[in-house]
Amino acid sequence: MSEIMTENQFEIKSFIKALINELTIITFAMVILIIIIALLMSGYLSKKIDHILIGTKKFANNELDYRIKVTSKDEIGQLENSFNEMATKIEKLIIEEKKLNSNLEQKVILETSKQKEQEQLLIQQTRLAAMGEMIGNIAHQWRQPLNALGLVLQNLKFSYDIGELNENMMSKSINKATMLTNSMSKTIDDFRNFFKPNKAKEEFSINENVFKAIELVESTFEHHHIKLEKHFSLEEPKFYGFPNEFSQVILNILTNAKDAIFENKIDNPLVIVQTKIEDSNILISIKDNGKGISEEIINKIFEPYFTTKDESKGTGIGLYMSKLIIENNMGGKIEVKNDDEGAIFTIKLPINNN
């Protein structure tokens, strides 16, 4: 029994040793196989991921028509397919967005063109309205020289009738008539130049251009017995902008002041025009005693087509265009407020605007 057990133990040990050797070899072979499979899978996955990365880069570079070639039906293939579907949807959205942007640009261009046409129409209407006002001012400007010219002709006829018409008197009468007609011609030139728009900005004197606007309406103010006071800054304020357009703004405000005084039948009517320099700004104020502007509408007077006058007397675009000229074209500010007697319009222009 002892010999048999010894022999069996030896056989068992030999079997176990052989089994361990076999398992070791099998394990080593499996490890090598797993490593090979892992390397193959890694290379496969890396190649697939590289294809996806290349696709995303091309798509990011606006190559919207690029698609990844689907080479399998596994998870990677599904990912490739999902990328292609996403790219197709994004490309479609981008194309639609481009169409929308194109349509929007066309609409913006169209609306901008309409707005420019509307502005040109407003400018034309403003000038026509101002020219109508100017015809009345020209009539007042011409009234005095026409009366004087009539007296000269009457004196010539009277001297001729009584036989006292001589060369000296004829020469004096002709000189006086020439002076009067030259004055009337100068009035026409002043009004014509006044409505000629400035094509380029230039430096001009604020006081001089305010006075130019006052000259055009002074006869009308005298006709309506409106006293006009001028308080100009001793320090000559200069500005870089459009002088004729600026004078048109002053003229428009003066005309509105005259209309307010005339409509409200003010006793001792008065308009005060003042220029001064304050805090690096040029201030031009026009004050009247025409009872002011109703608080209900004072915030609307610069809106287009807003007017309190009859249709035959106002278009409601004068103050709107004045605001555009001062604020858009000259970088300034125009405001209005009431005091105890009437309205005060204030124009503020920056001195260092050029």
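Where does Gly331 lie? Gly331 sits in the loop between helix H6 (318-329) and strand E6 (333-338). This is a predicted model, in which local features need pLDDT of at least 70 and side-chain atom pairs count only at pLDDT 80 or more, while totals for chains, interfaces and linings use all residues. Residues are numbered from 1 along each chain as its sequence is written, and side-chain values use heavy atoms, with hydrogens and water left out. Helices (H or I, at least four residues) and strands (E, at least two) are DSSP runs, numbered from the N terminus.

**Around Gly331**
- Leaving aside neighbours within four places in sequence, Gly331 is in contact (heavy atoms within 4.5 Å) with Ile326 and Pro350.
- Gly331 and Gly241 are 9.2 Å apart in space, C-alpha to C-alpha, and 90 residues apart in sequence.

**Helix H5**
- H5 has 21 residues and spans 30 Å from its first C-alpha to its last, close to the 30 Å expected at 1.5 Å a residue (1.5 Å times one less than the number of residues).

**H4 against H5**
- Helix H4 (residues 206-223) packs on helix H5 (residues 243-263) at an angle of about 40°, with axes 9 Å apart; axes are lines fitted to C-alpha atoms over the stretch in contact, and angles run from 0 to 180 degrees between N-to-C directions.
- Residues of H4 that meet H5 include Ile206, Val210 and Phe221, and those of H5 that meet H4 include Phe246, Ile250 and Lys258.
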